[in-house]
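Hi,

Here is the structure I promised to pass on to you. Have a look at it first, then read my notes below with the model open beside them.

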Amino acid sequence: MAVIGGGYTGMWAAWHLLAAGARVALLEAGLCGHGPSGRNGGFCESMWMSAPALRRAFGDGPARRLLEASSETVGEIGAWCDEHDVDAWFDQSGYLCVSTASAFDEVARRAAEAAAALGSPDRVVELSPDEVRARCASPVFRTGVLIPDFATVQPARLALGLRRRVVERGGLVFERSRVRSLRAGPGGIVAETPEGSVRARSAVLAVGPAARGLPALRSRLTVTSSHIVLTEPVPDVIAALRWTGRECITDARTLIHYFRTTRDGRIAFGWGGGRLAYGSRVNGRVELDAAVVDEVRRHALRIFPGLEGRRITHAWGGPIDVSPSHVPQLGSLPGAPVHFAFGYTGNGVGPSHLAGRILASLALDRRDELTRLPIVEAGPGAWVPPEPLAWLGGSVVRTALIRRERVEEQGDRADRLTRAICAAPAAVGMHLAR
Ligand SMILES: Cc1cc2nc3c(=O)[nH]c(=O)nc-3n(C[C@H](O)[C@H](O)[C@H](O)COP(=O)(O)OP(=O)(O)OC[C@H]3O[C@@H](n4cnc5c(N)ncnc54)[C@H](O)[C@@H]3O)c2cc1C
């Protein structure tokens, strides 16, 4: 089997293929785990925040199966780390989604209602403002929900540990081997790199945001970016917030803020509102955008005023593969034994493990309960227009969303034009929010 892409998706697929006894060659353009998989916020998520959208898209029965599988997959990542002695700092301490303005109060509540309607009220638990503040006392927090099955990981440790175990299990890993073309060959598929080629029965395509560069997939995703700032150790700030339960937290905005504590007492604070990438110029990296980093720092101060005067020691960013339906896309290219997964929309740490198992089944031509999950061959929900329309339209919508959410955080309502622009994607079937 050929696996193209050495992020979590490709490496989990490789791991499960090897476990099934297949021979695997993994081709990675750079170094395994040096893309988003090694540099994310480390929120290892189930999909329960998307429960309302999944019910709408797939109906209650299929949505429930997918949600339960996504919960199981988080636990399986932790169990895998234990079993294979990979110290990825896996910590299943749960997740809070909190509202920071009345305009966002409904978002978390809808997830709790959906979980209850699916017969799983314990999966998403509503919290009052006091209960939220007992876990993290930011002055801007209002109501929220707790999803107990989320974990955090140290992303690079997970990626590098996974790479090590794939190699030990017999996977042939070729780094600095960008696949330039995939074509049908005798008995399967040929993946060509500048240095050589790999012939395989089938291929797993796990290139993340770079899928935007592939003609067959281009119209199924857009690429935005996400940026994180990391503070110096601030144990006093964390103690004053009473944020000692190690929960990872997001607000309920569309251009989401996400934050967590680290083992050495820092706060990592991210924002999913960075600029859009143009066309196919995505290779797993986004240059650090100084203006965006400064903006993220200011956003962090609004939520945690106690950080005033504290140093930011690290900042980084990366591309986000955004699916128009907000649901990851898995499937097979028409007429070719090539199976793909992308479109995690900034939530791939947990789901990429599930996707890796599904891709392994597809590549082995197995049809099982995983390949029958509703995300397989569900399609993109809407088609992304070609460039420059996608970039232009996306940039206009991003600017309007930034304006709308800023005004809403001040307790106001955005003007009519701004609201109309923000609503435009939904009118063509794109779901920007969870
Ligand atoms: C700043 C940031 C914060 C994030 N925070 C979170 C978070 O807290 N929680 C969460 O769940 N998700 C988060 N994400 C998203 C998460 O990192 C991704 O969803 C996940 O890593 C996807 O893994 P992947 O393997 O599909 O893709 P990637 O990690 O992008 O891996 C794809 C790999 O394919 C390689 N590749 C590309 N083209 C080729 C080619 N032609 N030939 C060979 N190889 C190729 C790339 O070099 C790359 O290594 C974040 C992302 C960013 C950027």
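**Strand E6 and its partners**

Let's start with Val125, whose bridge partner in E6 is Leu146. Before going on, keep in mind that this is a predicted model. That pair belongs to a set of 3 bridges between strand E5 (residues 125–127) and E6, and the two strands run antiparallel. E6 is also joined to strand E4 (residues 95–98), this time by 4 bridges, and again the direction is antiparallel. If you want a pair to click on there, take Cys97, which has Val145 as its bridge partner in E6.

Which way do the residues of strand E6 (residues 144–147) point? Gly144 and Leu146 point one way, while Val145 and Ile147 point the other way. All four of these residues are buried.

Next, find the open sheet of 3 strands, which has the order E9-E10-E11 and antiparallel pairing. Which strands sit at the edges? They are strand E9 (181–185) and strand E11 (197–200), each of which pairs on one side only. On average, neighbouring strands in this sheet are turned by 20 degrees against each other, ignoring direction. Between E9 and strand E10 (residues 188–192) you can look for 5 bridges. As an example, Ser181 stands opposite Glu192 in E10.

**Around the ligand**

Now for the ligand. How many residues surround it? There are 36, and the closest are Thr9, Glu28, Ser37, Gly41 and Val349. By type, the residues of this shell divide into 17 nonpolar, 15 polar and 4 charged.

- Ser37 has a polar side-chain atom 2.6 Å from an oxygen atom of the ligand.
- Asn40 has an N or O atom in its side chain that is 3.5 Å from an oxygen atom of the ligand.
- Gly41 uses its backbone: a polar atom there is 2.9 Å from a nitrogen atom of the ligand.

How much of the ligand does the protein bury? Taken alone, the ligand exposes 1000 Å², and the protein buries 96% of that. The elements giving two or more residues to the shell are helix H1 (8–19), strand E13 (222–231) and strand E17 (312–322). E17 gives the most, with 3 residues.

**A few single residues**

Ile228 is found in strand E13. Is Ile228 buried or exposed? Ile228 counts as buried because its relative accessibility is 4%, and the cut-off for buried is under 20%. The C-alpha atom of Ile228 is 21 Å from that of Cys32, and the two residues are 196 apart along the chain.

Asp85 has a positive phi of about 55 degrees, although it is not a glycine. You will find Asp85 in the loop between helix H3 (60–83) and E4. At 63% relative accessibility, Asp85 counts as exposed, since the cut-off for that is over 50%.

Asp365 is not a glycine either, and has a positive phi of about 65 degrees. Asp365 lies in the loop between H9 and H10. With 58% relative accessibility, Asp365 counts as exposed.

Finally, look at Pro388, which is found in the loop between helix H9 (351–363) and helix H10 (389–409). What kind of peptide bond joins Glu387 and Pro388? That bond is cis, with an omega of about 5 degrees.

Cheers

How values were computed:
Residues are numbered from 1 along each chain as its sequence is written. This is a predicted model: local features need pLDDT of at least 70, side-chain atom pairs count only at pLDDT 80 or more; totals for chains, interfaces and linings use all residues. Side-chain values use heavy atoms; hydrogens and water are left out. Two strands pair if DSSP finds at least two bridges between them. Axes are lines fitted to C-alpha atoms, for helices over the stretch in contact, and angles run from 0 to 180 degrees between N-to-C directions. A residue is near a molecule or strand if one of its heavy atoms lies within 4 Å of it. A polar contact is a pair of N or O atoms within 3.5 Å; within protein, one must be able to donate a hydrogen and the other to accept it, and residues adjacent in sequence count only if both atoms are side-chain atoms. Accessible areas come from the Shrake-Rupley method with a 1.4 Å probe; for residues, only the protein chains shown count as cover. Ala, Val, Leu, Ile, Met, Phe, Trp, Tyr, Cys and Pro count as nonpolar, Asp, Glu, Lys and Arg as charged, and the others, Gly among them, as polar. Buried means under 20% relative accessible area, exposed over 50%, partly exposed in between (1.4 Å probe, protein chains only).
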